[in-house]
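Visitor: Can you walk me through this one? I'm new to reading structures.
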Amino acid sequence: MIKGEDSFKKIIAHCKEYGFIFPSSEIYEGLSAVYDYGQNGAELKNNIRDYWWRSMVQYHENIVGLDTAIFMHPTVWKASGHVDAFKDPLIDNKDSKKRYRADVLIEDHIARLEDKITKEVSKASRRFGSTFDEKLFRETNPRVQASRKKIDDINRRFVPAMENGQLEDLRALIEELGIVCPVSGSRNWTDVRQFNLMFSTQMGSANDDASQVYLRPETAQGIFVNYLNVQKTGRKKLPFGIAQIGKAFRNEIIARQFIFRMREFEQMEMQFFVRPGQEKEWFEYWKEKRMKWHLALGIPPERFRIHTHDKLAHYANAAIDIEYDFPFGFKEIEGVHSRTDFDLGAHQKFSGKKLQYFDPETNESYVPYVVETSIGLDRMLLAVLSHAYREEKLDDGSERVVLNITPALAPVKIAVLPLVKKDGLPEKGREVFNILKHDFNCQYEDKDAIGRRYRRQDAIGTPYCITIDHETLENDTVTIRERDSMKQDRIPAENISRVVSGRIKLRPE
Ligand code: ATP
């Protein structure tokens, strides 16, 4: 993987050049923070989606999946708190005319202080070697202590200001911390204002009978309102989970980081319903489980970090973010939240319908508690691509761009390439392709020199290229070239399917 602003630009350009991601409505100059997935992006997205679904639904006896509508009764969003509280504090810089989220400006400032601490710790760890006592160092080093104190002082004001919507306090913090606009470098800020992120539209044909509905800003509420339907029809006993993958919409204030922050995106969420009092245990369980899911993709652990929330949403009693080291730094990719009985309790109140569970073990009825895992499919795809993108210098002096995607997620698994476009090789190639296509997403290509075709497949991350040559016609063997090592082996054509299947397995725990 490569890092930095330039590398991010390269990844974006690569996504476009190789049919992964295009700006939406590009022939009309695009639409801000909306993107389309091209032929390879759609395959990659399907594979990530499938990996998540299998590991959550298929691998867990007590989790089922559903697919709820994007439109929901407007009261759902009143009950969930989104109408009143799904707002971000925005602030403008008067010189650059750029708009920011006030909380993000402050969080970035805190992150810089955290970075300072991390640097001090790793410097000391190198100096002291095996005798290094990190806990003691963190507790006693004056520079670490000073940064820690600054962070605590900020949080003491930042957390209540966010919780109570005290916009003047946020503004005051930004001023006092001397936060400057990254574009103009000035401190010439406007006041902070609240901005609701939900998109709304009218449902109904005539204006007078039309009612305002929202495009859902998260998929979770579709799960909550169906909790009882699933529990009863599926005869589910606690603990059990409901999973869903689907589109969500947020009118984000700043949407500048490609598919990291979009206005239309896709979420993969799972709500796990548990007996009250057991939520902390399950929270720990899901935190660990979800980290393992990420690591099973072969991305090294140091590319992930867990951020424990200091400021908890009003409905949560524990929350973490799993952050990934994107080319622009560590950012949230997934959240694991212990949401108590807030959502079901609120829907019970607003709908007047009982959403309780009768627990045969305790002979009690209660509203279950919920632990949720919520990951953005698009952010996950961006993480996979950012990790996979490599520029390599080869032994013969040439260069290649290769996407080192875990084979199970690769858009195309096998490319079938006749060495030349004559002598019956294309016919044999088609024959091999037509067999393999039943088991894998394959491509057949016979244009251009073989080297150029290999490069094109490397660039979209195809793990295996099968080359059909003159020897194939004699003894029905082919060469199989592995993407990362570029090593080629000769194998019987009839073994291709078995060999490739064995190497592209991805088994989440
Ligand atoms: P952020 O703080 O980055 O805005 P969030 O905390 O609001 O994210 P959640 O509401 O917890 O995010 O949503 C769960 C997941 O959905 C996030 O971890 C992220 O992967 C994804 N997600 C949220 N907003 C967006 C967006 N605008 N574009 C793409 N993915 C998103």
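Guide: Two strands pair if DSSP finds at least two bridges between them. Helices (H or I, at least four residues) and strands (E, at least two) are DSSP runs, numbered from the N terminus. This is a predicted model, where local features need pLDDT of at least 70, side-chain atom pairs count only at pLDDT 80 or more, and totals for chains, interfaces and linings use all residues. Residues are numbered from 1 along each chain as its sequence is written, and side-chain values use heavy atoms, leaving out hydrogens and water.

Visitor: What order do the 7 strands of the open sheet come in?
Guide: The order is S3-S9-S10-S16-S13-S12-S11, with mixed pairing.

Visitor: Which ones are the edge strands?
Guide: Strand S3 (63-66) and strand S11 (304-308), as each pairs on one side only.

Visitor: How many bridges join S12 to S13?
Guide: There are 9, between residues 318-326 of S12 and residues 329-340 of S13, and the two strands run antiparallel. Asp321, for example, has Gly335 in S13 as its bridge partner.

Visitor: What does helix H13 touch on the sheet?
Guide: H13 (residues 377-388) touches strands S10, S12, S13 and S16. Contact means heavy atoms within 4.5 Å.

Visitor: New topic. At what angle do H2 and H13 pack?
Guide: About 110°, with their axes 10 Å apart. Axes are lines fitted to C-alpha atoms, for helices over the stretch in contact, and angles run from 0 to 180 degrees between N-to-C directions. H2 and H13 are therefore roughly perpendicular, a label for angles of 65 to 115 degrees; under 35 is roughly parallel, over 145 roughly antiparallel, and the rest oblique.
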